[in-house]
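Please take a moment to open the model beside this text, and follow the paragraphs below with the ligand in view.

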Amino acid sequence: MIKKKIKYIDPKIWQLIKKEEKRQEENIELIASENYISQASMYAQGSKLTNKYAEGYPNKRYYAGCKFVDKIEKLAINRLKKLFGAESANVQPHSGSQANQGVFFSILNAGDLILGMSLNSGGHLTHGMKLNVSGKLFNVISYGLDKNQKIDYEYIEKIVYEKKPKLIIAGASSYSLHIDFSFFSYIAKKNKSYLLVDMSHYAGLVAAGLYPNPIPYADFVTSTTHKSLRGPRGGIILMKSKYKKKINSAIFPGIQGGPLMHIIAAKAVSFKEALSLNFILYQKQVIKNSILLSEILKKRNFKIISKTTKSHLILIDLKNKNITGKEAENILSSVNIICNKNVIPNDKKNARITSGIRLGTLAITTRGFKEKEIIIIGNLIADAILFRKNIFFLKKIKKKVKNLIKFFPIY
Ligand SMILES: *Cc1c(COP(=O)(O)O)cnc(C)c1O
């Protein structure tokens, strides 16, 4: 019924949505920051909660009629606190970027010094990149990887003592290993810096107990909800109770107006799912798949940055294959395998070209891929890149991809 009505009202948009749904079904999704959310969470997102204005926080709203959305937001907060063992939580950030901004504006002033991982080494643009508000408003120093392609802890220790940043940020978008949060906490405390851990990529693994939990170590922990947490597109902030007031007012009225109650409901649904045994089993398979994929690619003589993975993601250095990240992305896309080009440490090519690609196993594991399928796609990726000049061969690979995913409908 509803479908029909939407079709009638806006056929152009409806057709494009249908096309995008088909594209998702027909492609193997290896973008490390994407996932497929549950029908239940999606329904909450598409619900009539979107009609409600609820500026403020539960029991302290600026509008009437918030009886039920108050209950929804409280449930979301309580589930989230339970999931990570946090003292306090804010579920209103519209995105991961806004979660980070919420933290910045709760404790920093313009011109303060922050330390984050550089974008080129695997950090996120909200950690001080010059075109981002974090880089425009604050003074920034950055760290990267050492010669073993691990986070350069020695340099961090040195630079923190020397420059005394007010805020230290730990967290990354293309770092495959564990981050030593206890080290960051030690250095931050010694220097009296605040510590923010942005666990956007790892949150689901943390929730399942498969990646170190930053909560005991950090003043603030931010995350997106749509990557490994497998929830709706959005952000969250977890903090020590003593920061609750500052964080809440930095989000509203600081940088946001009314919360997206439909998204908060969908977050609550996803947090409940993440508290289940099934979610732990899912995350275990995510890591198994990622390790296996990296091993297959290593066997095919691909170079894995940091040598291995302890998470859902793998960063590949393509220099020895004489292909740029951009070309590899295009070749793989032509055989219905979707990933993103990615700069690698000391990359001589710019962000539009790059010398690497980033792969992740979140979406394909949700789809049901296990060891057997990983072996197949690992080798198809290698074949497509190695024999990219052979159009006939690429066509055969595409057919194999289509045959494989036939048995794994997403919804
Ligand atoms: C994805 C990501 C974000 C930003 O999330 P958006 O919702 O796209 O704003 C922030 N930090 C890290 C480390 C990320 O990987």
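How far from an oxygen atom of the ligand does a backbone N or O atom of G96 lie? The distance is 2.9 Å, within the limit for a polar contact, which is a pair of N or O atoms within 3.5 Å. This is a predicted model, in which local features need pLDDT of at least 70 and side-chain atom pairs count only at pLDDT 80 or more, while totals for chains, interfaces and linings use all residues. Residues are numbered from 1 along each chain as its sequence is written, and side-chain values use heavy atoms, with hydrogens and water left out.

Side chains also reach the ligand: a polar side-chain atom of S173 lies 2.8 Å from a ligand oxygen, and an N or O atom in the side chain of K227 is 2.8 Å from an oxygen atom of the ligand. Of the 390 Å² of accessible area that the ligand has on its own, the protein covers 85% (areas by the Shrake-Rupley method with a 1.4 Å probe). The residues around the ligand (those with a heavy atom within 4 Å of it) include H124, D198, H201 and H226, and by class this shell has one nonpolar, nine polar and two charged residues.

Turning to the aromatic residues, the structure holds 16 aromatic pairs, counted where ring centres of Phe, Tyr and Trp (its six-membered ring) lie within 6.5 Å, with planes under 30 degrees apart taken as stacked, over 60 as edge-to-face and the rest as tilted. The rings of Y194 and Y243 have centres 6.1 Å apart and planes at 70°, so this pair is edge-to-face. Because Y194 belongs to strand β8 (residues 194–198) and Y243 to the loop between β10 (235–239) and α10 (244–255), the pair ties together parts that are 49 residues apart in sequence; helices (H or I, at least four residues) and strands (E, at least two) are DSSP runs, numbered from the N terminus.

Helix α10 also contains P253, and the peptide bond from F252 to P253 is cis, with omega near 10°.

Terms used: A polar contact is a pair of N or O atoms within 3.5 Å; within protein, one must be able to donate a hydrogen and the other to accept it, and residues adjacent in sequence count only if both atoms are side-chain atoms. Ala, Val, Leu, Ile, Met, Phe, Trp, Tyr, Cys and Pro count as nonpolar, Asp, Glu, Lys and Arg as charged, and the others, Gly among them, as polar.
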